[in-house]
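Colleague: I would like to learn how to read a model feature by feature. Where do we begin?

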Amino acid sequence: MESTRYEQTLAGHDGLAAAMAVASAQARAAVPVSMPHERAIRDIATGVAAPVLVGYVIWLLRTAQERHLHRLCFLSRDAQVFSEIATRLAPRLGIRLPMSYVYSSRRTWSLAASDPYGLEKANWLFNSFMRSNAADVCARLGLDIEEFTGTLAAAGASLSPSARADDPEQNAALRRFVAMPEVAEAMRPRIEQMRQLVRDYAIQEGIASGSTGLVDAGWTGRMIGALHSVLTSADLPVPQTFFWGHEPRASGWTDSEFITAYIYNTVAEPGVRWRVPDVPYIVETFCMADHAIVSGFERTPEAGRIEAVLEKSNAPVFAWGFDVYRAAIYAFCSALSLSHAGDDIRPVLSSLLYDFWITPTEEEAAAWGAYPYDSDPLGRATLPLARAFTEQELNPLLHGDGSFEQGNRAWLQGSLALSGPAGRQAAAMLSPQYATLGSPATD
């Protein structure tokens, strides 16, 4: 079996990176595929995703041991794959540390930390991959939109699904709506109930402890900030948090005393030298989970335990190729030699990510671009990761004034790779300035 370009990159280094090249080849041989779509999923899984995820988990386990933490809690959904990898690697690294997979979501933690009389300042209600419309805002608050159509109208908010918070007028109207006294009074008991459930769940699962490490992919810190607010308001201890990458924004949250990042941190070490443009989109696809979003928590009547309530099944991800992807990740873990586990391979991982994300082949773009990407707290904004441009969309760039609209395409270079000769020409023109183009913001 011929080496992939990613295996060749890994094999060009010593130690752990070279071992990953061998593991990738062995994993590809161990996971049979029957079509080009599955082959692209498997080969990116073994050659890019597995090294990127496993490198983080090795660092995480060693860092947790060095800090004498007593537990690691892996947050749903992005950290599910980290949990599975850690369970496989920790015994081989000689690390004995209690680990658990715990349920969380932006929707529940952000709601629990909200002030019912200041909801107009709660940016989580309006932001995501696709900005919220009126129905989204009501759903995030758990309100029946039919009961509040008059209040929405009084606030000047449009009920049209296409009228979203990226329009300044609709944004202002939606903020007026959530600031209405009747909304605040309806939300006060809901928020108080969710706040207590989140606190009790954090105590139950060992999250509320200074000797616990929370594990997540990233990014802005807003969700972790919400948890800190919920816990500290009840004088409960807060955990340490580990991110693959951290990029706090004005609406996010950070605290260097509690947050440590692996590949990059835009406000602290290790800085941004290993950051790849739009990297959250890549890593979030690598962190796909086998279950849907957490919509709430409930207390079981028998034992009084707090259990997560999940949305409907994650069928689109399984249809895309979840089983092939996870099988490849697990085969890589089994094949990997850990003799050089202490190596710092972050520069190599950054190179792998850049090559895949910025210069995908058409086959890679077709397979990974079809991934049903969803960054919405409600699971209501699922779109393919990449989508071909029409010639009309590319003409202003290629033959006009140089203007360009990425739209809601998360993967720019993947979309261009699917757009034929014009797409390849546009990719070459945009490559030098790609990191400064901007893109749909992750929440």
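Modeller: With confidence. pLDDT is the predictor's confidence in each residue, from 0 to 100. Here the protein chain has a mean pLDDT of 92, and 95% of its residues reach 70 or more. This is a predicted model: local features need pLDDT of at least 70, side-chain atom pairs count only at pLDDT 80 or more, and totals for chains, interfaces and linings use all residues. Residues are numbered from 1 along each chain as its sequence is written, and side-chain values use heavy atoms, without hydrogens and water.

Colleague: Over which residues does pLDDT stay under 50?

Modeller: Where pLDDT is low, the predicted coordinates should not be read in detail. That applies to a stretch here: pLDDT stays under 50 over residues 436-441. The model has 17 contacts beyond four places in sequence for them. Contact means heavy atoms within 4.5 Å.

Colleague: How many aromatic pairs does the whole structure hold?

Modeller: Rings of Phe, Tyr and Trp (its six-membered ring) pair if their centres lie within 6.5 Å; planes under 30 degrees apart count as stacked, over 60 as edge-to-face and the rest as tilted. The search finds 22 aromatic pairs. Take F148 and F177: their ring centres are 6.2 Å apart and the planes are at 80°, so the pair is edge-to-face. F148 lies in the loop between α6 (134-141) and α7 (149-155), and F177 in helix α8 (residues 168-178), so the pair ties together parts 29 residues apart in sequence. Helices (H or I, at least four residues) and strands (E, at least two) are DSSP runs, numbered from the N terminus.

Colleague: Are F148 and F177 buried or exposed?

Modeller: Buried means under 20% relative accessible area, exposed over 50%, partly exposed in between (1.4 Å probe, protein chains only). F148 is at 9%, so it counts as buried. F177 is at 0% and is buried too. Now a stacked case: the rings of F286 and F356 have centres 6.3 Å apart and planes at 25°. F286 is in helix α11 (residues 279-286) and F356 in helix α14 (residues 346-358), 70 residues apart. F286 is buried at 0%, and F356 is buried at 1%. Both belong to one aromatic cluster, whose members include W320, Y325 and W411.

Colleague: Which charged end sits over the ring of F389?

Modeller: A charge sits over a ring if NZ of Lys or CZ of Arg is within 6 Å of the ring centre and within 35 degrees of the ring normal. R409 has its charged end over the ring of F389, 3.8 Å from the centre. R273 lies over the face of W274, at 4.2 Å from the ring centre.

Colleague: How do I read a helix with a buried face? Which residues of α18 are buried?

Modeller: An α-helix has 3.6 residues a turn, so residues three or four places apart point the same way. In α18 (residues 420-430), A422, G423, A426, A427 and L430 are buried. Seen down the axis, they fall within an arc of 140° (the arc of directions from the helix axis to the C-beta atoms), so they line one face of the helix. On the other side of α18, P421, R424 and A428 are exposed. The cover over the buried residues includes α16 (391-399) and α17 (412-417).
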